[in-house]
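Let us walk through this model one contact at a time. Keep the sequence beside the 3D view as you read.

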Amino acid sequence: ESGARIVHCCGFDSIPHDGGGRHASRTSRPHVPAASAIRVRGYLKATGGFSGGTWHSALGIFKDLGKGDAQRESRDPSGRSIKKLDLGLHREPLVKSWGLPMPTIDPWMARRSARELEEYGPDFANGHFVCMPSLPAALALVAGVGVVVGLAQLEPTRKLLERVKDPGDGPSAEHRRKARF
């Protein structure tokens, strides 16, 4: 009733991706017809490590991959379309990298904002991609993640994967100081 909203994802990726989607929507709207579709692709280049919480969240996502994406596409009563931008592995000249779809919650957060705010327009789609320097590197990452996804499907191997990092563990202060995104 008050208009308050709960922000339940506000970490490393969620804020830049969600804020970036809103910024792109706001800055592009004056330059495109009101009825035009807006497509936002977020690309991440990063060095560094990840936390135990991120590792455990990823394992949970991997475990549930076969259950589908409830937010893949939605329409509100006014007919606005908010959906996932389905681009597979692709070469993106603007970032001089291969873009590989990231299996993260961050695009969902941007789509949630787009459903809540009409300023995103009548037709909004977004996607989140990790930048890979070469096609072989991208394929190697896909293969590695594929193995982890497969192992996350079985409770005994998922329990072993959960031991790789504990929630709350993360890169050292020195490692974080050298990291960039």
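Arg-22 sits in helix H1 (residues 14-28), while Glu-119 lies in the loop between helix H3 (106-116) and strand E6 (123-132), so the pair ties together parts that are 97 residues apart in sequence. Side chains of opposite charge can pair when their charged atoms come close. The structure holds eight salt bridges.

Now turn to a pair of helices. Helix H2 (residues 52-63) and helix H5 (residues 155-162) have axes that come within 10 Å and cross at roughly 165°. Angles over 145 degrees count as roughly antiparallel, and that makes H2 roughly antiparallel to H5. The crossing of H2 past H5 is right-handed.

Which residues make the contact? From H2 come Trp-55, His-56, Leu-59 and Lys-63. H5 supplies Arg-158, Leu-161 and Glu-162.

Finally, consider confidence. The protein chain has an average pLDDT of 85, and 92% of the residues score at least 70. Where in the protein chain is confidence lowest, and where is it highest? Strand E2 (residues 73-75) has the lowest, at a mean of 55. Strand E4 (residues 90-92) has the highest, at 95. Where pLDDT is low, the predicted coordinates should not be read in detail.

Methods
Residues are numbered from 1 along each chain as its sequence is written. This is a predicted model: local features need pLDDT of at least 70, side-chain atom pairs count only at pLDDT 80 or more; totals for chains, interfaces and linings use all residues. Side-chain values use heavy atoms; hydrogens and water are left out. pLDDT is the predictor's confidence in each residue, from 0 to 100. Helices (H or I, at least four residues) and strands (E, at least two) are DSSP runs, numbered from the N terminus. Axes are lines fitted to C-alpha atoms, for helices over the stretch in contact, and angles run from 0 to 180 degrees between N-to-C directions. Angles under 35 degrees count as roughly parallel, over 145 as roughly antiparallel, 65 to 115 as roughly perpendicular and the rest as oblique. A crossing is left-handed if the near helix is turned anticlockwise from the far one by less than a right angle, and right-handed if clockwise. Contact means heavy atoms within 4.5 Å. A salt bridge is a side-chain nitrogen of Lys or Arg within 4 Å of a carboxyl oxygen of Asp or Glu.
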